[in-house]
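I opened the model to look up a few local features. The entries below are in the order in which I wrote them.

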Amino acid sequence: MPSRSLVQYATVLFKGLAMGAADVVPGVSGGTIAFISGIYEELIETIHKLDLGFFKIWKQQGFSNAWKEYNIGFLVALFGGVLISVLSLAKVITYLLAEQPIAVWSFFFGLVIASILFVGKQITSWNFKVIIATILATAFSYYITIAEPLGSPDSIWFLFVAGFIAIIAMILPGISGAFILLLLGAYTGVLGILSGLVEGATTLNWEVFSGAFLKLLVFAAGAIAGLKVFSGALNWLFKHHKNLILAILTGFMIGALNKIWPWKEVLSTRINSHGEQVTFLDKSILPNSFDGDAQIVLAIAMAIVGFLVIFLMERFANSKKNRIDNA
C-alpha cells in the first residue's frame, strides 16, 4: 500500500468529506465520488483485505507494521472525513426536510433522474436478460415504496439491516447509500439519529447522546458486516456481469422515484421514539391534489439544480478520465 505524507492524508480526508456529503443525499453516490477522485480501487482493495491477520502481524511485527500493511491510516483519514461530513450535514437536511419538504424532495428527484441516466448509459448491451433485469428491479423497487414498512426505523434490528444493505453504495459507483435508506424507509430515521448525536454532544445532554450513539453503533455494525459480506461478491459481479448489475441498479432507481416524488398524501402515522407523530405510510399524488401550496415553480427549479449536480459531476469525471487515457 502507498506511503503518504501528512498533506496527502489531508487530501484523503477532504475526499472523505466529499464522499460523506454525497452519501447524505439520495441520488449522489459516495462510491462515485471515490471513483472520480481516484481512490475507488484502493478503497475496495483495502476493505477486502481487512481480516484478523492484522492482529497476527501486530503480535509478530508490531503495531506500526500492521497499521502500514493493512493501510489503516488511509481508512482512518477517509472515514474520518466521511463521519465529519455526515454529522455536519445531517441536522441541516433534517431541518430542511421539516421546513421545505417540497424543495428538498424535488432536488433529490432531479438527482435520481440524472443518476438513472448516468448508470443506464454505462450499460453497453441491452439484450433480453438486461431488459428483464431492469423491469424486475423496477417493479420490485416500486413495490417496496408502496408496501407497508416491515419495521420501525427506531427498532434495533431494522437499523442493523438498513446498515447492512446501505453499505452497497460504498462498493458500487452509481448508487447512493442515502437512496437505499430511502427505499427501505429508514432515511429520515437515520438522519434523526445523526441529528440527535450532534444535538446531545453540543448541548451536553447525555441521555440524548447515549441513545443516538447506541443506535448509530448498531447501524455501523450492520454496515461493517455488510461491507465484508458484499465487497467480494459485488466486485466479482461488477467485473463479470457488469451490464446485469447496472441494469438492476437502474431499475431500482426508476422504481424508487415514487418514494422521492415531492407531493404526498399521508395514509397513516406512527409515534416515533421522541413521542412525535410522523408519517408511517403515504402515497404520491399530483400537485393539483396536494393539500397546501404545491410550489410547482420552486419544485421544477430545484429538480433542475439536482439534475445539473450529477450532470456536471459526470462531465468532470469524463474529462478526468480522458486526461488519464491521453497521458
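Predicted model: local features only at pLDDT ≥ 70, side-chain atom pairs only at ≥ 80, totals over all residues.

Entry 1. Over the ring of which residue does the charged end of K49 sit? I find it over the ring of Y70, 5.6 Å from the ring centre. I call a charge over a ring if NZ of Lys or CZ of Arg is within 6 Å of the ring centre and within 35 degrees of the ring normal.

Residues are numbered from 1 along each chain as its sequence is written, and side-chain values use heavy atoms, with hydrogens and water left out.

Buried residues make up 45% of the 327 residues. Buried means under 20% relative accessible area, exposed over 50%, and partly exposed in between, with a 1.4 Å probe and protein chains only. Among contacts between residues at least 6 apart in sequence, 74% join residues at least 24 apart; contact means heavy atoms within 4.5 Å.

I looked up the ring pairs and got 14. W261 and W263 form an edge-to-face pair, 5.1 Å centre to centre with 65° between the planes. The rule pairs rings of Phe, Tyr and Trp (its six-membered ring) with centres within 6.5 Å; planes under 30 degrees apart are stacked, over 60 edge-to-face, and the rest tilted. W261 is partly exposed at 26% relative accessibility, whereas W263 is buried at 6%.

I72 lies in helix α6 (residues 72-99) and is buried at 15% relative accessibility. Leaving out residues up to four places away in sequence, I72 touches L50, F54 and W67. I72 and T46 are 26 residues apart in sequence, with their C-alpha atoms 8.3 Å apart.

Seven of the eight residues of helix α11 (residues 177-184) are buried, so the helix is largely enclosed by the rest of the structure. The buried ones are G177, A178, F179, I180, L181, L182 and L183. I checked its packing on helix α14 (residues 242-260): the angle is about 65° and the axes are 10 Å apart. Axes are lines fitted to C-alpha atoms, for helices over the stretch in contact, and angles run from 0 to 180 degrees between N-to-C directions. F179, L182 and L183 of α11 make the contact with F252, M253, A256, K259 and I260 of α14. Just after α11, G185 has a positive phi of about 80°.

S106 is in helix α7 (residues 101-120) and is buried at 2% relative accessibility. Its contacts, not counting residues up to four places away in sequence, are P262, A299, M302 and A303.

Most residues other than glycine have a negative phi. I looked up L204, where phi is near 60°; L204 lies in the loop between α12 (187-203) and α13 (206-240) and is exposed at 76%. Phi of Q295 is near 50°. Q295 sits in the loop between β2 (277-284) and α15 (296-326) and is partly exposed at 24%.

Methods:
Helix = DSSP H or I, 4+ residues; strand = E, 2+ residues; numbered from the N terminus.
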